[in-house]
Amino acid sequence: MSLLRILLILAAAYIAWRLLQRLFPGLQPPPGRPPREFETMARCTKCGTYVPQGTLNSRGLCGRCAE
Ligand SMILES: [Zn+2]
């Protein structure tokens with residue numbers, strides 16, 4: 001097999017691989033570890049405890065004060 005034929009096969013394999021990656025983006029490995037997500041902390045309006053903002057209710061009370 002000539003060198004040119006080997007190069008053509010490698011080029012075809014590379015193009016096919018790129019096409020597969022474009023068709024199925026899920027095949028690509030994740031780029032490293034995803035950046036860690038930090039949640040904004042907010043202060044409870046009643047007791048003053050800092051808790052994750054998502055755990056405060058609509059009145060700004062933590063779970064304990066909202067009971
Ligand atoms: Zn509270």
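This briefing describes the overall form of a protein model and then a few of its residues.

The model is predicted; local features need pLDDT of at least 70, side-chain atom pairs count only at pLDDT 80 or more, and totals for chains, interfaces and linings use all residues. Residues are numbered from 1 along each chain as its sequence is written. The protein contains two helices and two strands, arranged along the sequence in the pattern α-β-β-α. Helices (H or I, at least four residues) and strands (E, at least two) are DSSP runs, numbered from the N terminus.

**Confidence**

- The mean pLDDT of the protein, where pLDDT is the predictor's confidence in each residue from 0 to 100, is 85, and 93% of the residues reach 70 or more.
- Confidence is highest in strand 1 (residues 41-43), at a mean of 95, and lowest in helix 1 (residues 3-23), at 85.

**Overall form**

- The protein has a radius of gyration of 27 Å, whereas a compact globule of 67 residues would have one near 11 Å. This radius is taken over C-alpha atoms, and the globule rule is 2.2 Å times the number of residues to the power 0.38.
- Along the principal axes, the C-alpha atoms fill a box of roughly 80 × 20 × 10 Å.
- Of the 67 residues, 3% are buried. A residue is buried if 20 or more other C-beta atoms lie within 10 Å of its own, exposed if 12 or fewer, and partly exposed in between, with C-beta atoms placed from the backbone.
- Among contacts between residues at least 6 apart in sequence, 0% join residues at least 24 apart. Two residues are in contact if their C-beta atoms, placed from the backbone, lie within 7 Å.

**Helix 1**

- Helix 1 has 21 residues and spans 30 Å from its first C-alpha to its last, close to the 30 Å expected at 1.5 Å a residue. The expected span is 1.5 Å times one less than the number of residues.
- Helix 1 is hardly covered, as the count of buried residues among its 21 residues is zero.

**The loop between helix 1 and strand 1**

- Phenylalanine 24 lies in this loop and counts as exposed because it has 9 C-beta neighbours inside 10 Å.
- Phenylalanine 24 is 34 residues from serine 58 in sequence, and their C-alpha atoms are 41 Å apart in space.
- Proline 31 is placed in the loop between helix 1 and strand 1 as well, and it is exposed because it has 6 C-beta neighbours inside 10 Å.
- From proline 31 to leucine 10 the distance is 25 Å, C-alpha to C-alpha, with a separation of 21 residues in sequence.

**The loops on either side of strand 2**

- Threonine 49 is in the loop between strand 1 and strand 2; it is exposed because 12 other C-beta atoms lie within 10 Å.
- Leaving aside residues up to four places away in sequence, threonine 49 touches Cys44 and Cys62.
- A distance of 46 Å separates the C-alpha atoms of threonine 49 and phenylalanine 24, which are 25 residues apart along the chain.
- Leucine 56 is found in the loop between strand 2 (50-52) and helix 2 (63-66); it counts as partly exposed because it has 19 C-beta neighbours inside 10 Å.
- With residues up to four places away in sequence not counted, leucine 56 touches Ala42, Cys44, Val51, Leu61 and Cys62.
- Leucine 56 and arginine 43 are 13 residues apart along the chain, with 8.5 Å between their C-alpha atoms.
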